[in-house]
Amino acid sequence: MPASGDLADVEFPVARGCPFSTPAEYEQIREHSPITKVRLTNGGDAWWIAGHELGRAVLADRRFSSDRRRDNFPFVSTDPETRKQLQDQPTSMLGMDGAEHAQARRALMGEFTVRRMAGLRPRIQQIVDQHIDEMLSSEQRSADLVEALSLPVPSLVICELLGVPYADHDFFQAHSGPLVRHNTPPEVRARIQRELNTYLGALIDRKVTDPTDDLLGRQIAKQRAAGTFDRTSLVSMAFLLLIAGHETTANMISLGVVGLLQNPDQLAMIKEDPEKTPPAVEELLRYFTIADTVTARVATEDVQLGGTTINAGDGVVISGLAADHDPTVFTDPDRIDLERGARHHVAFGFGPHQCIGQTLARMELQIVFDTLFRRIPTLRLAAPLDDIPFKSDAFVYGAEKLPVAW
Amino acid sequence: MRIEANTDVCIGAGQCVLTDPTVFDQHDDGIVMLITKHPEGEAAQRAREAVELCPSGALSLIEEPGDS
Ligand code: HEM
Ligand code: SF4
């Protein structure tokens, strides 16, 4: 199908514009059709779903598989390391379908209830405060926010969640940071991943002999009581939580801060009234939709979508960013408007795989934005926006560095 | 108006509880629990929103005779 003259030459991914507007190609596609065949830089092609309603429908449709090992699974990002990481990991719930997925998800769901997450709030507040204390104690009144706040906070929160003892926090942080940083050489990344897996295995062994009341401790107890203790799958689950929860949250912290600083009228609203922070977090999640193409699938049978037939085996990319900038659902979508009511965004996906960590992520972002702008009200960018290195080809969008001053 | 929750498909993302904790709660295993099946006034409005937001299709609304 000729996807409009200009589009025939476009390969995906395409970079976000100046610096975070939706790529012009997304608009071209949307105007062409909410469902279009596109070419991927990695090779092959995939259906590109650009509308909010259609996107949600496909993500909720069980005829599409999340199994990353299937032929044609569309990996849009050109970052081969992340792709390999996702393909090589023992299948985690992220890549499971149907009953198998439901079983894995249900085993973990109780760890992420709204009530349980609320219990973590005081500890998260403390972690955030400690890092802001450190920023404020520096003489130079400037910092790279990515290193000072965005990366360490979610890493320590995952420590808290999993039950990584205090004495191991430095080890854990030193190992999770390089997995997220863009410029980590592949061999270092592979070594670090091995060391982390070894560490997580040993941590689980310790918790077997010395039970603890935390996510890993409770999973171990539950599995042992049911006679289904499986060390390998617990290690890979812990690793998945780290991979899925660290970089995503870190990137949203950095981008959210940029988004708010660039929109002083919006920032003033949350400074004045902390009740505005939760809707602001939703709007920032929508606006940036950092995991744009993580939501990809493969059709397991022929499916009619609108007037188009998707054949069994075809790859489908449900572009979260396109869905969340669908002007029929979000008026003037390229504007940050924290009062628009954005909760129906798909930044956390939709359907059975919708982010299990969303309540935690929301809380982290709320605490960070509230605390940061309350304690450092004069915070500003210390570099022109155009000089900030954004990760435009990465699996999840973010900033590699964020110079700030106060 | 009545809410029904299909606990077999709930994926425990907690969107409903976040929308209105006076109508929705979660069991310890993460699965949705209805505090009331018949929310009224603003709670009814929020319950409608929760049904829209629920990612798994676990929630549905049934209009009943006598609903205005
Ligand atoms: C702002 C931060 C975050 C964003 C934008 C985000 C985004 C997403 C998205 C889009 C999905 C769906 C993937 C798909 O449909 O294939 C997902 C799934 C997932 N997320 Fe998150 N996430 C965030 C934070 C977290 C945190 C903090 C954790 C845990 C500590 C987490 C753990 C997971 C897991 C385990 C899945 C797989 C769920 C399943 O397959 O059923 N995420 N996330
Ligand atoms: S929003 Fe839906 S899937 Fe999530 S907890 Fe409520 S009923 Fe379950």
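How much area is buried between chain B and chain A, and what share of that area do carbon and sulfur atoms give? The views below are taken from a predicted model.

**View 1. The interface of chain B and chain A.** About 1,800 Å² is buried between the two chains, and carbon and sulfur atoms give 45% of that area. Three residues, Ile11(B), Leu18(B) and Pro55(B), supply 30% of the area that chain B buries against chain A, more than any other three residues. The contact involves 23 residues of chain B and 18 residues of chain A.

View 2. On the side of chain B that touches chain A, two or more residues come from each of helix 1 (15-19), strand 2 (24-26) and helix 2 (42-53) of chain B. Helix 1 of chain B gives the most to this side, with four residues. By residue type, the side of chain B that touches chain A divides into ten nonpolar, eight polar and five charged residues. Two salt bridges are counted between chain B and chain A. One of the salt bridges in the model joins the side chains of Arg115(A) and Asp25(B), with N to O at 2.6 Å. Side chains of opposite charge can pair when their charged atoms come close.

View 3. Arg46(B) and Glu42(B) are separated by about one helical turn, because they are four residues apart in helix 2 of chain B. Asp20(B) is buried, with a relative accessible area of 2%. Arg46(B) is partly exposed at 29%, and Glu42(B) counts as exposed at 62%.

View 4. Glu283(A) is buried, with a relative accessible area of 1%. Arg286(A) is buried as well, with a relative accessible area of 0%. Over all chains, the count comes to 29 salt bridges.

**View 5. The iron atom of ligand 1.** Which residue of the protein is the single donor to this iron atom? The donor is Cys355(A), through its SG atom, 2.3 Å away. Cys355(A) is found in the loop between helix 14 (320-324) and helix 15 (358-375) of chain A.

**View 6. The surroundings of Lys401(A).** Lys401(A) has its place in the loop between strand 10 (380-381) and strand 11 (403-405) of chain A. Lys401(A) is partly exposed, with a relative accessible area of 49%. Leaving aside neighbours within four places in sequence, Lys401(A) is in contact with Asp144(A), Val146(A), Ile388(A) and Pro389(A). The C-alpha atoms of Lys401(A) and Asp387(A) are separated by 9.8 Å, and these two residues are 14 residues apart along the chain.

Terms used
Residues numbered from 1 in each chain as written. Chains lettered and ligands numbered in written order. Predicted model: local features only at pLDDT ≥ 70, side-chain atom pairs only at ≥ 80, totals over all residues. Heavy atoms only, no water. Contact = heavy atoms within 4.5 Å. Buried area = accessible area lost by both parts, 1.4 Å probe. Salt bridge = Lys/Arg side-chain N within 4 Å of Asp/Glu carboxyl O. Nonpolar A, V, L, I, M, F, W, Y, C, P; charged D, E, K, R; others polar. Donors = N, O, S within 2.8 Å, 3.2 Å for Na, K, Ca; no water. Buried < 20%, exposed > 50% of the residue type's maximum accessible area, 1.4 Å probe, protein only.
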